[in-house]
Each structure stands twice: as structure tokens, then as C-alpha cells.
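This report is meant for someone meeting the structure for the first time. Please look over the sequence and the model below before reading on.

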Amino acid sequence: MRKNINRLTTLLLAFGLLCCIDKATSTNSASCGMLINSYSQYQTDSFEIINVDSILINNKIPFQTTTKNLISNLGNADSIITKTFECGGYFDAENVSIYYYGTSTFETYRDTAVLQKINFREGRYNLKTNKITLSNLITIQKLKQLFPMSTNKSYDWIDAVDKKTYTIIRIKPNQNYDDEWVLKFYNNKLVEIEYWIPC
């Protein structure tokens with residue numbers, strides 16, 4: 001599910017507004033202006049975005065689509081499982097279906113489907129965004145050209161199953177979301193992207 005703006009930005013705005021209440025001196029007014037300007041800059045410059053509403057899978061399927069359109073473009077799923085998300089799912093509902101296309105997955109509820117995870121290893125998919133087309137050809141260096149702040153915050157993660165070490169880069173899908181795109185690199189090549197939703 002989409003999340004509300006985080007607590008830090010809310011606190012910054014509240015503090016700025018409280019400051020603006022007292023305009024008895026020119027110093028306070030100047031400080032107020034600085035706080036509001038700082039807040040505005042934080043909103044736009046503190047993180048980078050891969051806009052969730054701009055993406056197209058294989059240049060055809062948007063992030064959120066109908067189950068019918070998903071099947072029309074990708075065919076019948078290789079397998080389907082049903083589960084209930086207590087948290088971490090896009091739909092807070094019972095009997096959510098996960099459609100598997102190889103190891104790429106889509107979360108579906110009733111007639112709505114959303115992207116959950118794309119595996120780029122097979123070369124079957126690409127993800128067109130407002131800034132870049134993501135595929136197994138993307139390196140960390142290429143991503144850094146457009147997302148330097150996010151790339152500079154990358155970290156190594158060891159998969160408990162395959163014991164391999166991956167480089168993880170996290171990028172926001174929208175200015176006011178707590179959700180994140182999690183990009184996974186192995187040997188400097190993009191192998192997976194996941195739409196991660198916090199509990």
C-alpha cells in the first residue's frame with residue numbers, strides 16, 4: 001500500500017510553522033523563512049525518485065494494471081499461490097494471489113495486479129522508467145549517472161539461500177511514499193528489482 005509522508009518531514013514542517021507564529025522581530029522572520037526554505041529543499045532534494053506511475057514493463061505493462069492485461073501480455077502464470085499479508089503487501093486483504101512468471105512476481109487482488117519483483121537474469125524483461133530503462137545491461141556506474149545520492153548509499157547484502165554477496169541500492173517510487181524500489185546487483189550487473197513495502 002502507499003504510505004504517508006514520513007515523520008521527519010512532518011516534524012520539520014510543524015517546527016517551521018511554530019517559528020512563523022512569532023514575528024515580533026526581524027530575526028525571527030528571517031529564521032522562519034530559512035526554515036521553510038530548508039523544508040522545501042528537503043522535500044525535493046533529499047532523495048531521488050523512480051516514479052512508480054511512469055514505469056512500463058516491456059514497454060507495455062504499467063506498475064498497476066488489470067489481471068486480464070497482465071495475462072494478455074505475459075501469458076498464463078507459471079504458478080499461482082494465495083496468501084494473506086499481515087504487512088508488507090500492496091493489498092491489505094485476504095486471499096491475495098501471487099502470479100509467478102519464472103521468479104518474477106505480481107501481486108493480484110480481484111482484477112488488479114501490481115508489480116512485486118522482476119528478475120532480469122533471464123533477459124525476458126526490462127523496466128522503462130521516467131529516467132532510465134532498467135535491464136540486465138545496467139551497471140552500478142550507469143545508474144550512478146542518474147541517481148548519485150542513492151548509489152552512494154549502496155551496501156552489500158549476503159543472500160542466506162545462495163550465499164552470494166549482492167550490492168543493494170534503494171530508490172523512492174514517489175516523493176511522499178515510505179515504499180522503496182530495491183535494486184539488486186551482482187558482479188556489477190542489475191539482476192533484480194523489487195517493490196518493497198515496509199510493515
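## Overview

How many helices and how many strands make up the secondary structure of the chain? The secondary structure comes to 5 helices and 13 strands, in what is a predicted model rather than an experimental one. Of the 199 residues of the chain, 40% count as buried, and the chain exposes about 11,200 Å², of which carbon and sulfur atoms supply 51%. Among contacts with a separation of 6 or more, 48% are between residues 24 or more positions apart.

## Confidence in the model

The mean pLDDT of the chain is 83, and 77% of its residues reach 70 or more.

Strand β1 (residues 56-57) is joined by 2 bridges to strand β8 (residues 127-128), and here Leu-56 stands opposite Lys-128.

## Strand β7 and its partners

Strand β7 (residues 112-119) is mostly covered, with 6 of its 8 residues buried. Strand β6 (residues 104-109) runs antiparallel to β7 and is joined to it by 5 bridges; the two strands form a hairpin with 2 residues between them, and Arg-110 in the turn has a positive phi of about 55 degrees. Strand β3 (residues 64-66) also pairs with β7 in the antiparallel sense, over 3 bridges, while another 3 bridges join β7 to strand β13 (residues 189-196), again antiparallel.

Individual residues show how these pairings are laid out. Val-114 in β7 has Gln-64 standing opposite, and Glu-107 likewise stands opposite Val-114, whereas Ile-118 has Ile-193 in β13 as its bridge partner.

## Asp-92 in a loop

Asp-92 has its place in the loop between β4 (79-83) and β5 (96-101). Is Asp-92 buried or exposed? Its relative accessibility is 52%, and Asp-92 therefore counts as exposed, given that the cut-off for this class is over 50%. Asp-92 and Tyr-109 are 17 residues apart in sequence, and their C-alpha atoms are 9.7 Å apart in space.

Methods: Residues are numbered from 1 along each chain as its sequence is written. This is a predicted model: local features need pLDDT of at least 70, side-chain atom pairs count only at pLDDT 80 or more; totals for chains, interfaces and linings use all residues. Side-chain values use heavy atoms; hydrogens and water are left out. Two strands pair if DSSP finds at least two bridges between them. Helices (H or I, at least four residues) and strands (E, at least two) are DSSP runs, numbered from the N terminus. pLDDT is the predictor's confidence in each residue, from 0 to 100. Buried means under 20% relative accessible area, exposed over 50%, partly exposed in between (1.4 Å probe, protein chains only). Contact means heavy atoms within 4.5 Å. Accessible areas come from the Shrake-Rupley method with a 1.4 Å probe; for residues, only the protein chains shown count as cover.
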